[in-house]
Amino acid sequence: MSREHPLVSVIIPSYNRSDVLRLCLDAVKEQTYPHIEVIVVDDCGTEDAALVAASKGAKVVRTRVNGGPTPARNLGAEHAAGEILFFLDADIALDPDAVENAVRILGAHPEIGALGGILRPESLASQSLAAQYRAVQMHRWWMPAHRPTLELHAAVLAVPAKVFAEVGPFDPRLRETVSSDYRIRVTRSYGVKLSDAIRGRKDHDATLRTILRKVFRRARISAMDWRKGETPGDSVPRAIGGVLLLAAAPALALPIVAGRRGALVPAALVAAAIALDADTHRFAYVQRGIPFGVYFSGVHLAVTFTGALGGAMGVLHRFVLSRLESPAPIFTAQD
């Protein structure tokens, strides 16, 4: 860093949900680090999010077309003056010391090219059971601090501006694997780190139906976009557990042909899947009690199965496309 107290550009892609954006901006305003500029990128929303952002003192820029958070983040970076770019999703409210901790860590470790944060196990606004499940699951599974990982997520990500200029912007062609792609590009020259000193609460989806739909879609797209060097599902044990649950579904028919012994097979497969993610289940029980833990375990199995099914569909789709795009064999007269 060129200064002891570098300017931090907090870049927030926004698409509607002005009520949650207000909570996000309030949390940024309450940061203990004073040298911050806030840039809200309005991705062609139909609500008054831009007005809310302007009323909170943020600089507002607008995309020409609705392209999703990745092009919006890149546009925000183009308008940023800070030495550190802090990318933050509009449905996340940071802890008060999050930006200060990011500046401290990046200043002490110039070898770090991208610094990711984590999500707290509490939902920001929605308090439905489904939202509470998702908050715990993402805290332990999607953005964990309890295990070594190189996976990053652009939802809470600090990058020195000079690194961003050197590595280049997020790839707008990618959908669900943009963060993994960016991590791979950064690690060619720099280190990456996840820190539980950078935390925030996310507003999670309120219904299980919405969660399952998103999990399926994201897993399918991630499988289609997967590149060499990426970890399937960000975790090998998670991917294996999903495969076991997929296998358990047809195994439910085994009692018809194998009797009672056949019923042991799907039960064993489900038990093995639970064992592979035992820490996540245990965390839910310890933190929220037995009733919520039982609910969590049931929903978590459904989410894991749905993600595995989406991934399998993505792999199949990718295989079919590769076969269709393969050049036809050329036959000579001698053939």
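User: Which loop holds Cys-44?

Analyst: Happy to start there: this is a predicted model, in which local features need pLDDT of at least 70, side-chain atom pairs count only at pLDDT 80 or more, and totals for chains, interfaces and linings use all residues. Residues are numbered from 1 along each chain as its sequence is written, and side-chain values use heavy atoms, leaving out hydrogens and water. Helices (DSSP runs of H or I, at least four residues) and strands (runs of E, at least two) are numbered from the N terminus. Cys-44 sits in the loop between strand 2 and helix 2 (49-55).

User: Is Cys-44 buried, partly exposed or exposed?

Analyst: Buried means under 20% relative accessible area and exposed over 50%, with partly exposed in between (1.4 Å probe, protein chains only). Cys-44 has a relative accessibility of 29%, so this residue counts as partly exposed.

User: What is the phi of Asn-16, and where is Asn-16 found?

Analyst: Asn-16 is found in the loop between strand 1 and helix 1. Asn-16 is buried, with a relative accessible area of 13%. Although Asn-16 is not a glycine, its phi is positive, at about 60°.

User: In what order do the strands of the open sheet run?

Analyst: Strands of a sheet pair through backbone hydrogen bonds, either parallel or antiparallel. Two strands count as paired if DSSP finds at least two bridges between them. This open sheet has 8 strands with mixed pairing, in the order 3-2-1-4-7-6-8-5.

User: How many residues of strand 6 are buried, and how does strand 6 pair with strand 7?

Analyst: Strand 6 is mostly covered, with 8 of its 8 residues buried. Towards strand 8 (residues 191-202), strand 6 (residues 112-119) runs parallel, joined by 6 bridges, and Ala-114 has Val-192 as its bridge partner there. In strand 7, the bridge partner of Leu-115 is Ala-158. Strand 6 and strand 7 share 2 bridges, and their pairing is antiparallel.

User: Which residues have the most contacts inside the largest nonpolar core?

Analyst: A nonpolar core is a set of buried Ala, Val, Leu, Ile, Met, Phe, Trp, Tyr and Cys residues joined through side-chain atoms within 4.5 Å. The largest one has 34 residues, and helix 4 (residues 98-108) gives the most to it, with 6 residues. Those with the most contacts inside this core are Ile-12, Phe-86, Leu-88 and Val-156.

User: How many residues does the other core have?

Analyst: Phe-87, Leu-152, Val-167 and Val-178 are among the residues of this other core, which lies apart from the largest one. The number of residues in it is 25.

User: At what angle do helix 9 and helix 13 pack?

Analyst: Axes are lines fitted to C-alpha atoms, for helices over the stretch in contact (heavy atoms within 4.5 Å). Angles run from 0 to 180 degrees between N-to-C directions, and 65 to 115 degrees counts as roughly perpendicular. Helix 9 (residues 236-251) and helix 13 (residues 290-325) have axes 8 Å apart and are therefore roughly perpendicular to each other, the angle being about 90°.

Methods
Angles under 35 degrees count as roughly parallel, over 145 as roughly antiparallel, 65 to 115 as roughly perpendicular and the rest as oblique.
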